[in-house]
Amino acid sequence: MRFLRVTAHGICATALLATAPNLARAAEPRRAFDLKAAPLGQALLAFNLVTGAQVIVSRDLLVGRVSRPVRGQYTASQALARMLTGSGLHAERTGRGVLMILPDRPPGAPGLSPSPPAAQAAAEMAGVTVTAPRILPPVALTTLSGARLEQLGVVGMDQVGRLTPGLNVVNLSPAAAAFSMRGITQASGDASREPRMAVLQDGMPASKERGAYFELFDLDRIDIAKGPQPTLYGRGAMAGALDVIQHKADPRASAWNLHGEVGDQGQGLLEAMINQPIGQDLAVRVAARSRGRAGLTPNLAGGDGLDSVATDAARVSLTWLASDDERLDLIVNYQRDRPTGRPLKSFTFAPTDPVTGAALGDLDRYTPPALSAVDETGRPAALGLDRTLGSVAVLAARRLSPGLKLSASLGYRRFYADERQDGDGLSLPVISVLEQTRGVQYNADLRLAYDAGERWRGFAGVSLFHESGTQLAYFTIDERLLLARLVDDLSAPVPQGLDTLTRPDLVADTLRQLAARRGFDLPGDVALGLAGNLKGAYVERNQNFARTTAVDLFGDVTFAPGPGWALSAGLRYSHNDKGSAVATALPAGPSILAGAAQAFGLYPAQRASLLAALSAIGAGASAAAPRQWPNYALVFQPTFGNGEKFANTLSDDGWSGRLVARYTPSSTFSAYGSYARGRRPSVLVAGPPLAAEGPARFGVVPAETIDSVEIGTRGVGLDRRLTLDLAAYAYRYVNFQTTKLVDGQLQTLNAGRADATGLEAEAQLELSRSARLLAAYGYNHSRLRSGAFAGDQFRLAPDHKVSLNLELTYAAPSGTITVLPAWSWQSKVFFSDDNDRPELSRGLMRDLVQDEVQGGYDLLDLRVNYQPRAANWSAGAFVTNLLDRRYLREAGFIGESFGFTASAPGTSRLWGLSLRIVSGARHISAQ
């Protein structure tokens with residue numbers, strides 16, 4: 001009913017025209033202008049409503065200035081020049097198409113530095129972005145400029161999530177970050193999984209989870225569009241899109257900058273950029289960052305601290321402006337991450353010496369754990385990640401006529417990620433996990449856009465997409481320790497050590513307990529034989545493969561029926577050819593523990609025969625050892641031949657689209673209403689056999705669809721000091737796809753129906769000439785409505801979320817001090833779609849306690865920057881998590897299916913100092 005009520009108030013109209021980012025700097029179309037003389041800030045807003053152009057201007061330049069009236073047919077640049085006539089200001093266009101408002105500099109004026117080129121000024125000026133680039137709503141859009149991100153010290157997408165209503169990003173590992181948009185979460189390394197939220201880098205797809213989290217540096221802006229965006233952002237944008245727009249090379253000016261940070265816990269950051277023109281039309285830009293931090297969580301088992309940062313990233317971009325009508329960009333990105341292991345800690349077992357069992361810590365979730373792992377041969381192995389990302393993008397555009405543009409893009413992206421984890425969160429090496437993921441993507445997009453400044457405009461295009469990938473997981477299990485857990489013989493909260501738990505007589509006694517639970521009295525000699533054959537490094541290897549080839553056709557048209565009105569319609573058709581495969585194997589031979597458990601349930605004669613074989617000296621010692629019994633596995637039953645690959649295919653096609661209406665009666669208010677349908681393609685799930693060396697299992701999870709209704713407004717008031725954006729939405733989901741640990745496997749399941757309603761608000765208020773407030777609030781009531789999960793809250797989706805950011809500017813000797821406190825709060829979240837309900841627990845051991853939840857918490861960061869007047873450097877200090885709040889980032893993990901639930905804490909308080917040097921002097925007036 002909530003959905004129907006919101007739907008009844010929605011406006012069914014069409015999708016706003018949006019062309020691809022990075023279009024050519026080309027000959028501009030003429031438009032009809034009728035702009036009155038007005039205060040300059042008001043006039044620039046009116047100019048934006050007519051042109052959609054992005055304008056950046058210093059706040060100081062707006063004071064006391066009035067625009068000239070503009071009437072007639074002009075290009076945007078001509079109209080802006082006429083508006084500024086006699087104001088002492090002029091506009092310059094950067095290579096990215098941004099219009100910079102700069103003061104005129106009289107030739108030879110004494111005591112004045114030359115006016116910096118527009119590209120340099122864009123990078124240096126503490127200005128106001130008058131317009132929201134890429135899309136003038138009607139979509140719920142949050143745009144964070146690169147200058148703003150730099151000012152706040154944002155380096156990761158998890159920080160972006162704190163600033164944005166409707167977006168949550170949890171970064172426990174760069175290769176396992178979870179993205180949640182209005183409650184819809186994606187976080188899985190399974191190669192067959194389809195994204196719900198589009199993550200893009202310069203418009204190029206980067207949504208595959210193991211490669212979607214990347215460094216944020218040298219940026220133009222980040223656009224976060226919420227709600228289904230099938231025609232604007234393309235494949236994967238079912239719940240929304242996050243598009244990271246990087247700075248491109250600019251032939252108009254040379255520029256460079258250096259940025260460094262140092263802090264406690266071994267924090268260090270070094271970043272550099274240089275932009276160099278090569279002739280008049282060609283330029284190269286190189287940017288690089290190296291960021292590190294020691295592990296914040298000591299490992300009581302020894303070795304490096306956990307939860308460190310070790311990232312190196314670089315980018316090279318080449319821009320060629322062949323003419324005013326043609327532009328070509330080449331962007332190459334590289335990144336490598338090598339952090340230490342995840343800081344998991346068991347909910348049930350305290351840290352101990354793994355050999356002796358002596359207690360080393362307690363059960364507090366925020367005190368250090370004792371973690372260890374072994375490789376596939378049982379030898380100790382280091383925890384941590386080694387991931388490499390690489391991408392190449394080519395963006396080309398040409399204006400065919402004053403109102404017609406053709407743009408094309410080609411993209412290539414590849415990632416490798418190897419991560420070793422302690423799967424149980426305690427000091428004993430019960431379960432060690434090595435995950436190796438590989439992925440490669442190719443995409444091509446061709447788009448023709450028409451906009452001659454008349455009543456009709458639109459675009460149409462075609463996109464091609466291909467990806468292939470694999471996820472390989474090794475589970476190394478100590479059967480003796482797992483046996484102790486299965487019969488509750490692992491003492492809590494302080495478990496015994498290996499000296500005790502691996503004694504043959506004790507292991508034999510534990511086997512007899514397991515048999516007694518099945519109603520069977522296991523003879524002592526057989527128990528001792530089985531105990532001697534249980535493996536300290538039993539290994540299961542599970543590998544899934546997937547490939548997708550897709551062809552999409554899309555179009556969008558906008559019509560202006562009258563003054564202030566815009567009606568749009570967009571449609572996207574997608575055809576997908578998919579293939580999935582699976583191969584499971586037992587590299588170290590069969591599981592004696594699984595075989596014994598199987599034998600306990602057989603008839604006496606069969607049981608005696610099987611137990612005699614399993615308890616024989618050396619039984620199952622290796623995969624090559626001869627045997628007359630099945631190749632038993634604990635979790636992943638092996639495919640035929642102990643690892644043969646089984647494959648299947650699927651063809652899927654479907655439609656998505658949107659209808660939007662926008663009404664803009666004045667330069668201070670606009671409203672929109674929209675209906676959109678998003679679609680996530682069917683998933684071909686490949687699973688291991690039900691019985692040892694049987695055929696693989698394949699199932700099709702039906703396509704998931706979202707029907708969304710949204711209404712929103714944007715208003716400007718209080719003498720232009722307040723800007724307020726509001727959006728209310730309601731979703732209905734069909735065939736909602738979720739994931740669940742089933743017998744140790746993360747499986748894709750159809751949870752049926754789900755829905756969500758919500759409200760988002762963003763405000764910017766100029767409290768005074770020296771104080772500005774940015775506030776955001778998000779309400780999201782998202783729930784599953786059918787099946788076993790009915791009534792459950794979406795994973796990582798708080799009902800309420802608030803952020804407040806102040807910018808306070810003070811005059812200081814020879815410069816300016818800026819104080820930037822940033823506070824955020826969110827309500828309770830669950831870490832799985834089943835909300836950790838005991839009745840839904842499935843695995844080798846059931847989880848009977850609902851404790852994988854994080855209550856509401858707040859975080860406060862503070863940055864203070866000093867900028868000398870007319871200098872090219874600035875310095876600052878920062879503190880993150882100033883109040884040193886304790887909270888959980890994640891909980892559950894793979895060990896939960898084996899009876900080991902763990903959690904990972906959030907980042908503790910950190911402080912540091914920063915220094916930035918840029919080419920040229922910054923002209924700032926302290927107010």
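Author: Let's start just after helix H8, where Asp488 takes a positive phi of about 60°. Helices (H or I, at least four residues) and strands (E, at least two) are DSSP runs, numbered from the N terminus. This is a predicted model, where local features need pLDDT of at least 70, side-chain atom pairs count only at pLDDT 80 or more, and totals for chains, interfaces and linings use all residues. Residues are numbered from 1 along each chain as its sequence is written, and side-chain values use heavy atoms, leaving out hydrogens and water.

Reader: How many of the eight residues of helix H8 are buried?

Author: Buried means under 20% relative accessible area, exposed over 50%, and partly exposed in between (1.4 Å probe, protein chains only). The buried ones in H8 are Glu479, Leu481, Leu482, Leu483, Ala484 and Arg485. H8 spans residues 479–486 and is largely enclosed by the rest of the structure, because the buried count is six of the eight.

Reader: Is Pro702 buried or partly exposed?

Author: Pro702 sits in the loop between strand S30 (697–701) and strand S31 (704–717). Its C-alpha atom is 6.4 Å from that of Asn735, though the two are 33 residues apart along the chain. With a relative accessibility of 32%, Pro702 counts as partly exposed.

Reader: What is the relative accessible area of Ile274?

Author: You'll find Ile274 in strand S16. Ile274 is partly exposed, because its relative accessible area is 44%.
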